[in-house]
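Me: I should like to go through the reasoning behind the terms used for this model. Please set each value against its criterion.

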Amino acid sequence: MELGMIGLGKMGGFMVERLVKGGHRVVGMDRDASAVAKVVSKGAAGADSIEKLIGQLKPPRAIWLMVPAGAPVDQTIDQLTPHLAPGDTIIDGGNSYYRDSLRRAKALAEKKLTFVDCGTSGGVWGLTEGYSMMVGGDADVVKRLLPIFETLAPGPNKGWGRVGPAGAGHFVKMVHNGIEYGIMQAYAEGLDLFRHKTEFGLDLLQITKIWQYGSVIRSWLLDLTVDALSKNPMLEGIGAYVTDSGEGRWTAVEGIELGVPMPTLNGALDVRFRSQDPQPFANKLLAMMRHEFGGHAVHTAGD
């Protein structure tokens, strides 16, 4: 099967490479000419414009987008649609907000174009391990794209599936990332507690390696933690600043709207927010209030 891929960053490039190895014909396009050259060196075809990409694909065409969520997705779709024909499919494999995917699917349907949202997990490991894909879209369209999903997945019948209509794929991926926040936070807090229990002289790398086998908390995230600690046991040079992609925020909002309590996810999100502010004003207010009502000492900046 053939596919157009727009967005050849690290993950998109690896996906193209896996597809080519699986026997598919892929035409790649990116604003970065070197990214296009790289996938061409792996056996893909290249294009330096949308017109040239579309011109190399036979209808019904399938174009996979791996561009940043938000306006870049809309801009790319707007550039694509004048060159597409009824029956062509646009697949959004990025971390788009599911409500945007619902809107895009409706707008494209009015032009007789189909839309598939594919929540994709696997990162840089996907090339060798395969990608976990949560797919939303019309059942017949997903069936037509079956060879693509089966090649990108860890196996033909595992690690991927159609979870519902358009919008459902990105909704499931959104919650997936929210769960990821909570699991990461639990590991981080537990290991930090070990670090503070100095009287035992605990070895974090040793403990996490023990947990890798037989433990009920073993996981791929734990394996990655072991790998990181093996390279840098004291995390020297790593800033205590944790970004958030937006998916955790969207999941928290959805929980509020549906009345579903999510204290673990929300707590993990709050920690990320706090890490992004080196001088939390709320903490300054707390210190000031304690001083006002009880005369407690206040540390000055830099103490």
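This is a predicted model: local features need pLDDT of at least 70, side-chain atom pairs count only at pLDDT 80 or more; totals for chains, interfaces and linings use all residues.

Me: Which residues of helix 12 are buried?

Reply: In helix 12, the buried residues are Glu247, Gly248, Thr251, Ala252, Glu254 and Gly255.

Me: Why are the buried residues of helix 12 said to line one face?

Reply: Viewed down the axis of helix 12, the buried residues lie within an arc of 160°, so they line one face of the helix. The face turned away from this buried side carries the exposed residues Ile256 and Glu257.

Me: How do you know what helix 12 should span, and what is the distance between its end C-alpha atoms?

Reply: Helix 12 (residues 247-258) has 12 residues, and at 1.5 Å a residue it should span 16 Å. Its end C-alpha atoms are 16 Å apart, which agrees with that expectation. Just after helix 12, Gly259 adopts a positive phi of about 70°.

Me: What makes helix 9 roughly perpendicular to helix 12?

Reply: The two helices pack at an angle of about 105°, and their axes are 8 Å apart. Angles of 65 to 115 degrees count as roughly perpendicular, and therefore helix 9 is roughly perpendicular to helix 12. On the side of helix 9, the contact is made by Phe171, Lys173, Met174, Val175, Asn177, Gly178 and Tyr181; helix 12 contributes Glu247, Gly248, Trp250, Thr251 and Glu254.

Me: Why is Ile148 called buried?

Reply: Ile148, in helix 8, has a relative accessible area of 0%. Buried means under 20%, so Ile148 is buried. Not counting residues up to four places away in sequence, Ile148 touches Met1, Leu3, Leu19, His24 and Trp64. Ile148 and Leu193 are 45 residues apart in sequence, and their C-alpha atoms are 45 Å apart in space.

Me: What makes up the largest nonpolar core, and which element gives the most to it?

Reply: The largest nonpolar core has 31 residues, and Met5, Trp64, Met133 and Phe149 have the most contacts inside it. Among the elements giving two or more residues to this core are strand 1 (2-6), strand 4 (62-65), strand 7 (132-136) and helix 8 (146-152). Helix 1 gives the most, with five residues. A second, separate core has 20 residues, including Ala47, Leu53, Leu57 and Ile77.

How values were computed. Residues are numbered from 1 along each chain as its sequence is written. Side-chain values use heavy atoms; hydrogens and water are left out. A nonpolar core is a set of buried Ala, Val, Leu, Ile, Met, Phe, Trp, Tyr and Cys residues joined through side-chain atoms within 4.5 Å. Buried means under 20% relative accessible area, exposed over 50%, partly exposed in between (1.4 Å probe, protein chains only). Helices (H or I, at least four residues) and strands (E, at least two) are DSSP runs, numbered from the N terminus. The expected span of a helix is 1.5 Å times one less than its number of residues. The arc is that of the directions from the helix axis to the C-beta atoms. Axes are lines fitted to C-alpha atoms, for helices over the stretch in contact, and angles run from 0 to 180 degrees between N-to-C directions. Angles under 35 degrees count as roughly parallel, over 145 as roughly antiparallel, 65 to 115 as roughly perpendicular and the rest as oblique. Contact means heavy atoms within 4.5 Å.
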